[in-house]
Amino acid sequence: MLVTMTDLFCGAGGSTCGALQVPGVRVVMAANHSRHAINTHQHNHPTTGHDCADISQVVPTRYPRTDILWGSPECTHHTRARGKKRGHGEFDGGLFATDGTDEAAIRSRATMHDIARFAEHHRYRAIIVENVPDARWWGPEEAPGFAFDNWVRSVALWGPYEYRIVYLDSCHAQAAGPGSRSRPDVRHLLAQG
């Protein structure tokens, strides 16, 4: 049985490579805003359709309907790794902040909403969204996770989807052995099940 997939925010193709390891999966469309990423993806996956575009500006009908949507929205402004407090991103200091809005944070987080836009039109059989664990706490300081919870509900409305949130650090997901920063206690728990 053939299962088709769209790789939204595809980067250079890691998600596509993983999907193609599953027998019967065919990646039909890959899209990203970066020309370099699309060129790399196209070189490695020449039978896949490609679109170099700002996904937030793409009308979902532009892409063919597939069974699965794999989405990797931008994570830059969900993580604390940038040395800044995470928040909802609308304003740095509240509604009346004198320093104005953080436009980069707004655009970064807005890519999450593209998943729901595409789900609304295509009604995929399954949706897989990959992001950093800190995305779970997307929301204002007084209600961490509020925006994320509403985002999950907005995607699930186009289902019927059941959802599961999985936290998986890549250093613990090695098929051929422990990751580079493996913690024995976690490895032991994974081995037991």
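Biologist: Which residue forms a salt bridge with Arg 62?
Modeller: In this predicted model, Arg 62 forms a salt bridge with Asp 51. The closest N and O atoms of the two are 2.8 Å apart.

Biologist: Where do the two sit in the chain?
Modeller: Asp 51 is in strand S3, and Arg 62 is in the loop between S3 and strand S4 (68-71). The two are 11 residues apart and link distant parts of the chain.

Biologist: Is Asp 51 buried or exposed?
Modeller: Asp 51 is buried, with a relative accessible area of 10%. Arg 62 is partly exposed at 48%.

Biologist: How many salt bridges turn up in the whole structure?
Modeller: The search finds 4. One of them joins the side chains of Asp 67 and Arg 125, at 3.6 Å from N to O.

Biologist: What about Asp 149, which residue does it bridge to?
Modeller: Asp 149 forms a salt bridge with Arg 136, and the closest N and O atoms are 3.0 Å apart. Asp 149 is in helix H4 and Arg 136 is in the loop between S5 and H4, 13 residues apart.

Biologist: Why does Arg 136 count as buried?
Modeller: Arg 136 counts as buried because its relative accessibility is 19%, and the cut-off for buried is under 20%. Asp 149 is partly exposed, at 28%.

Biologist: New topic, the sheet. What is the strand order?
Modeller: The order is S3-S2-S1-S4-S5, in an open sheet of 5 strands with parallel pairing. The edge strands are S3 (49-52) and S5 (126-129), and each of these pairs on one side only.

Biologist: How are neighbouring strands turned against each other?
Modeller: By 15° on average, with direction ignored.

Biologist: How many bridges are there between S1 and S2?
Modeller: Strand S1 (residues 3-8) and strand S2 (residues 25-32) pair over 6 bridges, in the parallel sense. Take Asp 7 as an example: its bridge partner in S2 is Ala 30.

Biologist: Which strands does helix H2 touch?
Modeller: Helix H2 (residues 35-44) packs on the sheet and touches S1, S2 and S3. The direction of H2 makes about 170° with that of S3.

Biologist: Step back a bit. How many helices and strands are in the chain?
Modeller: There are 5 helices and 5 strands. Along the sequence they follow the pattern β-α-β-α-β-β-α-β-α-α.

Biologist: What share of the residues is buried?
Modeller: Of the 193 residues in the protein chain, 37% count as buried. The accessible surface of the chain comes to about 11,800 Å², and 55% of that belongs to carbon and sulfur atoms.

Biologist: Which residues make the nonpolar surface patch?
Modeller: Tyr 163, Ile 165 and Tyr 167 make a patch of about 350 Å². Tyr 167 lies in the loop between helix H4 (146-156) and helix H5 (184-192).

Biologist: What is phi for Phe 9?
Modeller: Phi of Phe 9 is positive, about 65°, although the residue is not a glycine. Phe 9 is in the loop between S1 and helix H1 (14-20). Phe 9 is buried, with a relative accessible area of 13%.

Biologist: And phi for Arg 123?
Modeller: Phi of Arg 123 is near 50°, again a positive value in a residue other than glycine. Arg 123 is found in the loop between H3 and S5, and is partly exposed, with a relative accessible area of 46%.

Note on methods
Residues numbered from 1 in each chain as written. Predicted model: local features only at pLDDT ≥ 70, side-chain atom pairs only at ≥ 80, totals over all residues. Heavy atoms only, no water. Pairing = 2+ DSSP bridges. Helix = DSSP H or I, 4+ residues; strand = E, 2+ residues; numbered from the N terminus. Axes fitted to C-alpha atoms, helices over the stretch in contact; angles between N-to-C directions. Contact = heavy atoms within 4.5 Å. Patch = residues over 30% accessible without salt bridge, like charges linked within 9 Å, V, L, I, M, F, W, Y side chains within 5 Å. Areas by Shrake-Rupley, 256 points an atom, 1.4 Å probe, with all protein chains shown as cover. Buried < 20%, exposed > 50% of the residue type's maximum accessible area, 1.4 Å probe, protein only.
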